[in-house]
Structures are given as C-alpha cells and as structure tokens.
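The exercises below concern pockets, cavities and side-chain contacts. Each task is followed by a worked solution.

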Amino acid sequence: MVTGSFTINNEEYDGDFNLELTLNSGQTSQPPWNHKGDVYSEILLVDDTLVLVEVTQQDTNTPLIVNYYSKEEVNEEHIRSTLFYIFDLEYNITEVYDFLADNNELSDVYSFNKGLRLYKAQFPFECIISSICSANNSIKRWTSSITQIKEAYGKKVTINNKSGYIFPDEEVFVDIPEADLKEYGVGYRSSYMINSSKMILSDSEFHDTLDKMNYSDAYDKVIELEGVGPKVADCILLYGYHKREAYPVDVWINRITSYLYFDSKRQANNVIVDFGQEKFGQYAGYIQLYLFNYARLSGLMEKIKNI
C-alpha cells in the first residue's frame, strides 16, 4: 500500500477556488465526487495507476488537503497535476474576472460565483454519456442515473478498505441492455447512449481527434452522435474536451441572455449561441456557467421565468 498527502495552497494557482461549489454546480463532466462529512473522494487514473484520492477544503481559497492511497507506486506530482487539470487550477481565471468587471451588465455576477471553476472530465466518454443523460433532465436525476450505471457496470476499485468505481468504457457500455439503462432512469435516452457508443467505437481515434480539433470542427464531429443536439454538444466540448468558447444554451441561458442583451425579447437558441460566442469569446464557457448560477442565487430566475 502506497499512501501520501500533500496540500494545494491558494498561492499555487491564480484566482479563487471552492471545491464544494465546483463539484455541486451541475456540470456534465460526471456526477459529483463521493462525499462524507467534509471529505470528497474519487478514484483517479494517474499514469495508468488507480489512486483513491480524498480531498478536503474548509472554505473558498483555504488549503486543499489531499490524501491518496494506491496499491502501486505513483508519482505524487502527477496526482497534483491531475487535480489541477480536473478543477482547472492551471488556468489563469483572473482574466474572466477582469472581463466581467469591464462589462457593466456583468459586474456583480462574480459575487455569486466566487470560487466556481470548470469541473473537467477525467474520462471524456463519461462526459458524453452524462451530457446525453442531462438533456431535458434535472441535475438530481441525471447524476443519479450516471452514478447507478457506474456502480452497476463500472470497475469496482477497493483501496485502503474503501471502494469506488470507474465509469464503464465504450466496449463495456455498448453491451449494457437498454432495459437496464431505462431501469436507472435514462428513459428514451438509452438508445442514444448505446448508438453513440457504437459510433465512438467505430473510430479508434475519436477522443484524440476531438481533443486536437478547433472548436468549430469538433462541434461538427460531436453533433453527429445520436441524441446530441447543440446544447449537449457544447456541454461535451466544454467539460469533456476543454473548448472554452463553447456556450451551452438551454431554456434558462436563453432567458438570461435575452434579458441582459435583447431587452427581454426571447431569441432562438442559435442566435443566443452565436451572440454568446461572439460577445464572450474564449470566456464563453465560464460566462455561461456563472450566469446560470448567478440567476439561480440572485433571484433573477423568478424575474425572467416568463421570457
């Protein structure tokens, strides 16, 4: 048994970070990590080695205390790098803060989002299935469905007498009976998930190709998957392949953007997407994330529910 611990201090990354807020913000990379008391835990794959990681943080920008356990030798710095990637700590998010401050209509948005960062997928395939499951669905329901699938068909990993699961890969997922998927609450999306898995399996370079593509080309490729419309495509590209210019638009982002920029006159979703990407550029993904949370916490949702 290999064990260790380290601390990530605020001075090691630019901007703010709140672990709890980020994990529970509904981003479709995957469900939130397991949570018990003030400890969040997950199985990470680091250099092809499975590692149980437990992370605690008392408040925004306080130190992240990381304990890890593995059955094999593992490079501690690579665990740190993996966490920096998943929680986007490698990104200088102060640029987003400056953009918000420079636009009057957005100047108070960050006060409702302090510490919220992108929650990026460790496994892009899990993000694809999570995003398909999230379509016309509540956060509570899609996270429950994905968690049940992971526990039923994923790889169970037990380290230090504690167990976690790795989401099933495409080869395993494609053989899951649709009836089982429906039992876990995915409904009509079951066929989309299975057929998209088959499409991905038919292209051995699918994930690497998407990762290397620019946003526009990646969008054209991922939207070919069954059950993937414009909003789901942008979720996949933002959380699964870190295309920051993606601007996922659902009914609420449409209402919020229409309220702020179109005199409360409802626009077509494609108009909102084009506007968001042109207006916000490389910050579009973060602005979308922040606007939704801002509207939810500030009371704006109640004000715009009829737009």
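**Exercise 1.** How much space lies in the second largest cavity, and which residues line the second largest cavity?

Solution. The model is predicted, so local features need pLDDT of at least 70 and side-chain atom pairs count only at pLDDT 80 or more, while totals for chains, interfaces and linings use all residues. Residues are numbered from 1 along each chain as its sequence is written, and side-chain values use heavy atoms, with hydrogens and water left out.

Step 1. On a 1 Å grid over the protein atoms alone, a cavity is a set of points where a 1.4 Å probe fits but cannot get out; a pocket is an open set with protein on both sides within 12 Å along at least five of seven lines; lining residues have an atom within 4 Å of a point. Grid points are joined across faces, edges and corners, and a volume is the space filled by probe spheres set on the points.

Step 2. The second largest cavity holds about 30 Å³ of space. I8, V55, L64, V66, L83, F87 and L89 line it.

Step 3. By class, this lining has seven nonpolar, no polar and no charged residues (nonpolar: Ala, Val, Leu, Ile, Met, Phe, Trp, Tyr, Cys and Pro; charged: Asp, Glu, Lys and Arg; polar: the others, Gly among them).

**Exercise 2.** What is the volume of the largest pocket, and which helix gives the most to its lining?

Solution. Step 1. The volume is about 810 Å³.

Step 1. Of the 41 lining residues, K231, C235, P248, V249 and D250 lie nearest the centre of the largest pocket.

Step 2. Helix α11 gives the most to this lining, with six residues. The lining divides into 20 nonpolar, 15 polar and six charged residues.

**Exercise 3.** Why does the ring pair of Y91 and Y286 count as stacked?

Solution. Step 1. A search of the whole structure finds 22 aromatic pairs (rings of Phe, Tyr and Trp, the last by its six-membered ring, with centres within 6.5 Å; planes under 30 degrees apart are stacked, over 60 edge-to-face, the rest tilted).

Step 1. The ring centres of Y91 and Y286 are 5.8 Å apart and the planes lie at 10°, so the pair is stacked.

Step 2. Y91 is in the loop between α2 (76-86) and α3 (94-101) and Y286 is in helix α14, so the pair ties together parts 195 residues apart in sequence. Both Y91 and Y286 are buried (under 20% relative accessible area with a 1.4 Å probe, protein chains only; exposed is over 50%, partly exposed in between).

Step 3. The charged end of R244 sits over the ring of Y91, 3.8 Å from its centre (NZ of Lys or CZ of Arg within 6 Å of the ring centre and within 35 degrees of the ring normal).

**Exercise 4.** Is N18 buried or exposed?

Solution. Step 1. N18 lies in the loop between β1 (2-8) and α1 (19-23). Its relative accessibility is 13%, so N18 counts as buried.

Step 1. The N18 side chain makes a polar contact with the side chain of T60 at 2.8 Å (N or O atoms within 3.5 Å; within protein, one must be able to donate a hydrogen and the other to accept it, and residues adjacent in sequence count only if both atoms are side-chain atoms).

Step 2. A polar atom of the N18 side chain lies 2.7 Å from the backbone nitrogen of L21.

How values were computed: Helix = DSSP H or I, 4+ residues; strand = E, 2+ residues; numbered from the N terminus.
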